Amino acid sequence: MTLSRTVQRTVLTAALLSVSALGAPSTAQAAPLPPACQEALLETLDKFPVVDFTVPDKAKNTMLGEVLGLSEADQAVFTEAACAAWNTWATQNGQAVATDLDTRYRNAAGPVCNKFARSSLATIKKHAPNVPAATRDMEKVAKKVWSNSMEKLAADATNADCRTAYNAVKAGW
């Protein structure tokens with residue numbers, strides 16, 4: 001499985017919804033992902049059809065780096081049962097989540113980094129409690145990816161508004 005567009009799509013969803021299929025196969029991964037996790041990698045973003053929401057390239061690349069650096073223990077939480085539960089939830093709730101995300105993004109102030117960070121976190125906070133319990137171990141990994149990514153983005157930001165936005169959301173949900 002290639003890592004380019006598929007992993008970037010997965011990273012976006014993970015950051016937004018806390019339990020996406022972050023276990024993208026890296027070159028160090030010993031075993032392939034279970035079929036339901038492969039489905040999540042290929043189809044999750046399609047289940048959340050956002051119109052206006054945008055992820056800045058720096059954020060995408062930073063989160064991708066975090067995903068590719070997951071330990072084997074972190075990757076192990078991406079089980080068939082957890083990913084199947086995620087896939088079902090995403091199919092049933094994707095449109096509502098996308099609508100919420102687009103609305104928050106449109107209403108957020110100023111640069112894209114702020115719109116992305118604040119709308120993402122607000123949407124995650126709203127919808128994460130409703131995600132199936134079977135995905136909670138994946139959520140823990142997603143939280144780590146989110147927190148580490150926002151920490152790095154804040155440290156590297158040259159724009160003060162972006163630095164403020166990433167610092168404001170790095171604690172996660």
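Cysteine 162 is buried, at 14% relative accessibility. The value comes from a predicted model. Cysteine 162 counts as buried because the cut-off lies at under 20% relative accessible area. Its partner is cysteine 113, to which a disulfide joins it with an S to S distance of 1.9 Å. The two cysteines stand 49 residues apart and link distant parts of the chain, with cysteine 113 in helix H6 and cysteine 162 in helix H8. The angle about the S-S bond is -90°, and the link of cysteine 113 and cysteine 162 is left-handed. Cysteine 113 is buried as well, with a relative accessible area of 5%.

The count of disulfides comes to two. The other pair is cysteine 37 and cysteine 83, with 2.0 Å from S to S. This pair also links distant parts of the chain. Cysteine 37 lies in helix H2 (residues 35-43), cysteine 83 lies in helix H5, and 46 residues separate them. The link of cysteine 37 and cysteine 83 is right-handed, with 90° about the S-S bond. Cysteine 37 has 1% relative accessibility and is therefore classed as buried. For cysteine 83 the relative accessibility is 1%, so this residue too counts as buried. With the bonded cysteines numbered in sequence order, the pairing reads 1-2, 3-4.

At least two residues of the lining come from each of helix H3 (57-68), H7 and helix H8 (160-169). H7 gives the most, with three residues.

Helix H7 covers residues 136-156, 21 residues in total. From its first C-alpha to its last, H7 reaches 30 Å, close to the 30 Å expected at 1.5 Å a residue. Buried positions run along this helix: Met138, Glu139, Val141, Ala142, Val145, Trp146, Ser149, Met150, Leu153 and Ala154.

Alanine 109 sits in the loop between helix H5 (80-107) and helix H6 (112-127). Its relative accessibility is 52%, so alanine 109 counts as exposed. The threshold for that class is over 50%. Leaving aside residues up to four places away in sequence, alanine 109 touches Asn114 and Lys115. Serine 119 is 10 residues from alanine 109 in sequence, and the C-alpha to C-alpha distance is 10.0 Å.

Glutamine 75 belongs to helix H4 (residues 72-75). At 7% relative accessibility, glutamine 75 is buried. Leucine 33 lies 42 residues from glutamine 75 along the chain, and their C-alpha atoms are separated by 8.9 Å.

Definitions and conventions:
Residues numbered from 1 in each chain as written. Predicted model: local features only at pLDDT ≥ 70, side-chain atom pairs only at ≥ 80, totals over all residues. Heavy atoms only, no water. Helix = DSSP H or I, 4+ residues; strand = E, 2+ residues; numbered from the N terminus. Expected span 1.5 Å × (residues − 1). Buried < 20%, exposed > 50% of the residue type's maximum accessible area, 1.4 Å probe, protein only. Contact = heavy atoms within 4.5 Å. Disulfide = S-S within 2.5 Å.
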